[in-house]
Amino acid sequence: MKMKIVFDMDGVLYRGNTPIDGAKEVIEFLKEKGIKFAFLTNNSTKTPEMYREKLLKMGIDVPADSIITSGLATRIYMKKHFEPGKIFIIGGRGLVEEMEKLNWGIVSIEEARKGFWKEVKYVVVGLDPELTYEKLKYGALAIRNGAEFIGTNPDKTYPGEEGIYPGAGSIIAALEAATDKKPLIIGKPNEPMYEVLKEKLGEGEIWMVGDRLDTDILFAKKFGMKAIMVLTGVHSLSDIEKSGIRPDLVFPSIKELLEYLKILHDEDKEGTK
């Protein structure tokens, strides 16, 4: 099997801090068979190193450099395409750490209160578990003052242990409404995320495994990947009909994907005899 497999994380490998049955086993199978894989998440609240620790607690041991977050992709894109300038962040710790690595200067909420929002060149917005009205206020003021509006990802929701939670896209939508400005969105299903993934995996057949039609599956379809949907996250079979976005394969969970990969591997072995 010569393909490379890319996994979304929330809703595919786990929900919140609870692993989905089969997640550990599918990664072990890929390692054992020498099949290249990566993780691609639109969630920017953690760095790749933080995600490595989270996966390790679930018994999944993978290197941090196999994990691409929308925060990491945002940093790479900004460094490549923009001139340095001060940044105001609405987002979690992972996004803050990625923006700090640019060394462009970050305007804190305390500095914004003193009027330094006027010096902000980039307002970067991701999922922020500690969102306040004040953060939205200074973000909106800076954007209206001419700052570039950048969103890490468009996901309006994401799957958690209690159900479906508001995502980064919900926060971005509030700022769009407050500023009448459209942001540049980095994460799936957009090209900036694909640029980073392609650099990581190189040429060849790529399978994208995800739970969301509007990000994971659309991303796969846009960039010529095989689109594999699992039903343990946000979207269901009925959503496929409504959306018109068609995955190539649909599995109840990653556990059934593992069984499918085992069958393919056995068929490959038979074919080479």
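Before we look at anything, one definition: a helix axis here is a line fitted to the C-alpha atoms over the stretch in contact, and angles run from 0 to 180 degrees between N-to-C directions. Please also keep in mind that this is a predicted model.

Two packed helices are described by the angle between their axes and the distance between the axes. Take helix H3, residues 70–81, and helix H4, residues 93–100. Their axes come within 9 Å and cross at roughly 25°. Angles under 35 degrees count as roughly parallel, and H3 and H4 are therefore roughly parallel to each other. As for handedness, H3 passes H4 in a right-handed crossing. Which residues make the contact? From H3 we have Gly-71, Leu-72, Thr-74, Arg-75 and Met-78, and from H4 we have Leu-95, Glu-98 and Met-99. Sorted by class, that contact has four nonpolar, two polar and two charged residues.

Now for a second pair, H6 and H7. Helix H6 covers residues 133–144 and helix H7 covers residues 168–179. Their axes are 10 Å apart, and the packing angle is about 50°. That makes H6 and H7 oblique to each other. Here too the crossing is right-handed, with H6 passing H7. H6 brings Leu-136, Gly-139, Ala-140, Ile-143 and Arg-144 to the contact, while H7 brings Ile-171, Ala-174, Leu-175, Ala-178 and Thr-179. In terms of class, the contact of H6 with H7 has seven nonpolar, two polar and one charged residues.

On to the sheets. Strands of a sheet pair through backbone hydrogen bonds, either parallel or antiparallel. Let's begin with an open sheet of six strands, paired in parallel, whose order is E5-E4-E1-E12-E13-E14. Which strands sit at the edges? They are E5, residues 67–69, and E14, residues 249–251, and each pairs on one side only. On average, neighbouring strands of this sheet are turned by 20° against each other, direction ignored.

Val-209 stands opposite Ile-228 in E13. Strand E13, residues 226–230, is mostly covered, with four of its five residues buried.

Let me stop at one residue in this region, Asn-43, in the loop between E4 and H2. Is Asn-43 buried or exposed? Buried means under 20% relative accessible area, and Asn-43 is buried because its relative accessible area is 11%. Leaving aside residues up to four places away in sequence, Asn-43 touches Asp-10, Tyr-51, Thr-69, Ser-70 and Leu-127.

There is another open sheet, made of four strands in the order E6-E7-E8-E11, with parallel pairing. E6, residues 87–90, and E11, residues 184–185, stand at its edges with a single partner strand each, so one side of each is left without a neighbour in the sheet. E8, residues 148–151, runs parallel to E11, and two bridges join E8 to E11. In that pair, Ile-150 has Leu-184 as its bridge partner in E11.

H4 lies across E6 and E7, running at about 165° to E6. H6 lies across E6, E7 and E8, at about 140° to E6.

For contrast, here is an antiparallel pair: strand E9, residues 157–160, and strand E10, residues 163–166, with four bridges between them. A hairpin of two residues joins E9 to E10. Find Tyr-158, and you will see its bridge partner in E10, Tyr-165.

Last stop, helix H8, residues 191–201. Its buried residues include Pro-192, Tyr-194 and Leu-201. Just after H8 comes Gly-202, with a positive phi of about 75°.

That's my tour, and I'm happy to take questions!

Conventions
Residues are numbered from 1 along each chain as its sequence is written. This is a predicted model: local features need pLDDT of at least 70, side-chain atom pairs count only at pLDDT 80 or more; totals for chains, interfaces and linings use all residues. Side-chain values use heavy atoms; hydrogens and water are left out. Two strands pair if DSSP finds at least two bridges between them. Angles under 35 degrees count as roughly parallel, over 145 as roughly antiparallel, 65 to 115 as roughly perpendicular and the rest as oblique. A crossing is left-handed if the near helix is turned anticlockwise from the far one by less than a right angle, and right-handed if clockwise. Contact means heavy atoms within 4.5 Å. Ala, Val, Leu, Ile, Met, Phe, Trp, Tyr, Cys and Pro count as nonpolar, Asp, Glu, Lys and Arg as charged, and the others, Gly among them, as polar. Buried means under 20% relative accessible area, exposed over 50%, partly exposed in between (1.4 Å probe, protein chains only).
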